[in-house]
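Please take a moment to look over the sequence and the structure together, and keep both at hand while the explanation below leads you from the whole chain to a single residue.

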Protein chains: 2
Amino acid sequence: MPERLQPALDSRDGSAFLAAAEELHYADLAFFYANLEDDEDRNFITQTLSPVTFSDILADLPDSLREEAILRYQPAQQRELLNALSDDDRVDILQDVSEEVRASLLDLLSSDQEELTRTLLKYEEDTAGGRMTTSIARITVDLSVKQALEKLKVLQDSAETLSRIFIVDERERPIGFIRLRDLAFASWGTPVRDIMFDVKETILATADQEEAANMVRKYDLLALPVVDESHRLLGAITYDDAMEILEEESTEDFEKQAGIAGEQSEESYLRTRIVVHLKRRVGWLLVLGFLAIASGYVMIQFEPVLNSVFLLALFLPMVVAAGGNTGGQASTMVIRAMSLGELEAKDSWLVAWKELRLGMLQGLILGGALALTCLLLLPVFLPNSVKGVALPQFTMAVSCALTIQVSASTLIGAMLPIGARTIKLDPAVIAAPAITTIVDVTGMLIYFTTARLFLGL
Amino acid sequence: MPERLQPALDSRDGSAFLAAAEELHYADLAFFYANLEDDEDRNFITQTLSPVTFSDILADLPDSLREEAILRYQPAQQRELLNALSDDDRVDILQDVSEEVRASLLDLLSSDQEELTRTLLKYEEDTAGGRMTTSIARITVDLSVKQALEKLKVLQDSAETLSRIFIVDERERPIGFIRLRDLAFASWGTPVRDIMFDVKETILATADQEEAANMVRKYDLLALPVVDESHRLLGAITYDDAMEILEEESTEDFEKQAGIAGEQSEESYLRTRIVVHLKRRVGWLLVLGFLAIASGYVMIQFEPVLNSVFLLALFLPMVVAAGGNTGGQASTMVIRAMSLGELEAKDSWLVAWKELRLGMLQGLILGGALALTCLLLLPVFLPNSVKGVALPQFTMAVSCALTIQVSASTLIGAMLPIGARTIKLDPAVIAAPAITTIVDVTGMLIYFTTARLFLGL
């Protein structure tokens, strides 16, 4: 895609570069800029593109590249750049730069803009207030269509979208919305009140961004009004912000469930430095590694059992691992259902009951399959190992152990995320690897205890 | 939220029910309907709500409930219901019902609508063509602003959105778009050509729905034009469809990575019957269970090694499990990067090189920690087990095994999804449990081989 961009960059041909950049979407330009290795290349780009053009690119850059990109411009250009940004992007960028740079950039803004920006900066980055845009079209409910259109004509360049025009009462509370088409094709004398739609959904500025994004998705909204405690309209979360939020949250959940800690770095996989990858992964590996020694400790305690019937080793990894697999499945289902807002706290017992039955069914199926395998295949394929082992008792022991392990692990996998939420932890921290490690230990205990019981060791 | 809905339903009070339903979003009504257990309750709802009102709810119901809901209406009402649906929802619903019902419903449509619907039904359900809406606003490039507005006034009720108005040339190819605000506030004589924006992104009707949704997200689009092979405009994927697609695909990826097979059932977790849950989970459990016997087989082969130094059992589960954890992390990072479109086939070697270095670093850190544990803690906490064991050699053996296992598993975890894509499989089928099972076997081999080497067994 950037076929003509790269040669223009290489030959430092400014006008060719501008022409090629013109053809591309800013998201592609941001990707191109972010993937450059050479500092001089980046300098050429910021010197070639006007601050206004670059503002779109800046908003799409990974967090870690934003400060150095801004600092390539002179203060006067930085002011142009900041003016060209939408208010939510401006705030987002200011949240990513160092404190000194933030202070110097805030000084460049007009006093109105500075006040607005400082107000928005007060909301946490991951709340509805932190993500909303305040450039929305709003009109009061007492207008006629003609008056509304005149009002909007003034707003048309500053508002991010005119597809949803919010209608507020005298206390600035959102009571309705209207689409531009409803105004454009209505007769001028009609009161706006008569043709507006009710606003059914709003969200508090302090609410979590994920909740806002889930509402936008669920109700197919183009813009969700954000309000303060007195229900006054502050701004809106638009569909494109919601999509961005949902993607970030999904990625975070994916990573957490694989035991990868910390924030998604916003840089692409390949661009992220090894030490950053390492930091996010090695913590859980160390913790889980040391917990896994507990499994080994259980094994050592059962040395006599294992030594009297070493054939038990054949199905030990299988029984232990089956717990990790089924526990991971159960936790994934429950975590996903929770993050889509399907499960409430009161549903815990329903989930437990469902997973317990499911776990027992799965356990019986797997246990049955294992019993058949033992009785039919063992004597054929491992005749020497079977010698001296009481096959029926051995079969009972390993298949019962498998059934118990699968039932218990399914229940554990489903209940741990619910337990985490009860104590106000993010359910996704109960990563699949953590569940695997826990049910490894219980699996060892179940396996050897059952064996000792059935084989009379 | 449905505080007033439930009592009205219970008392079979039609007008109270209608009034309460009026207050709610159709997404909430669909959720309410889907969670009813009683057939008579559902009947009351379909008898109370008009087919037109119910059409919005129908489009939001889980696939499995759609047919029985439609069949609660009489044919004449079914026609009203179908007419009220947007064309993409109508096609989506027809794809979910049985063949006989589909045929009888198609017969109810006007011949124009039937033809359009049959054309759309030809596209696979998970392609851009299968998800697009054809109710878009389109005008030709030769119009003036006044002519365009007159044209749109006619379209205003049928078009799903007027926020993006597509402009086509004489061969129906999309060459530009315009927002209603650009027309509403422009002088009437202006040619549309002068104020339109270029269309930079389009997608083929046969392309995968995920690709379309990713473009909508990446480029912050409100509607992505869908074209045929001759680049003629067929319809558009709107932002709300894109959000739905992204959620479905994320859920599918989550589930696949936990070894849960098949399509997301679209019903909520609690509503889905146990047997459906069971079917999706037990297949992988069986396959992985039997593969895990390979680990046990390796262990049996190394009986003499384990028996001469039983202390090896202490770190066996840890070394084996560390491979599963790090392999799962690596595969998650790579799969997520691929599904966000960050990695291309040519990047495979870069990924391999990155993960190999990362794996070795992680291996060295974990191995170092294990070596310290062995030398410092073992003599203190397990003095009896250490008796007769050559501690320095034992330490070298287990920590080298851990380093090798972690390095190898990281590489395996990263490369398997890439390999899957190379042979045209969905990378997400390389579920974390599959990787765990594979590296369990390699882990056993590495552990015992290293032990034999260092301990001279």
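The domain bounds used here come from an automatic or database domain assignment. In this predicted model, chain A is divided into domain 1, which covers residues 5-122, domain 2, which covers 131-250, and domain 3, which covers 274-455. If the centres are taken over C-alpha atoms, domain 1 of chain A and domain 3 of chain A are separated by 51 Å.

We can now turn to a sheet in chain A, where four strands follow one another in the order β1-β2-β3-β4, forming an open sheet with mixed pairing. Its edge strands are β1 (136-140) and β4 (197-198) of chain A, each of which pairs on one side only. Helix α12 of chain A, made of residues 145-155, packs on this sheet and touches β1 and β2 (161-168) of chain A, while its direction makes about 150 degrees with that of β1(A). Elsewhere in the sheet, strand β3 of chain A (residues 174-178) pairs with β4(A) in the antiparallel sense over two bridges, and F177(A) stands opposite F197(A), which lies in β4(A).

Let us end with one residue of strand β2 of chain A, namely S163(A). Is S163(A) buried or exposed? Its relative accessible area is 13%, and because buried means under 20%, S163(A) counts as buried. Leaving aside neighbours within four places in sequence, S163(A) is in contact with I178(A), R179(A), L180(A) and L222(A), and also with S163(B). With S163(B), the side chain of S163(A) forms a polar contact of 2.8 Å, joining it to the side chain of that residue.

Notes
Residues numbered from 1 in each chain as written. Chains lettered and ligands numbered in written order. Predicted model: local features only at pLDDT ≥ 70, side-chain atom pairs only at ≥ 80, totals over all residues. Heavy atoms only, no water. Pairing = 2+ DSSP bridges. Contact = heavy atoms within 4.5 Å. Axes fitted to C-alpha atoms, helices over the stretch in contact; angles between N-to-C directions. Buried < 20%, exposed > 50% of the residue type's maximum accessible area, 1.4 Å probe, protein only. Polar contact = N/O pair within 3.5 Å; in protein donor to acceptor, adjacent residues only side chain to side chain.
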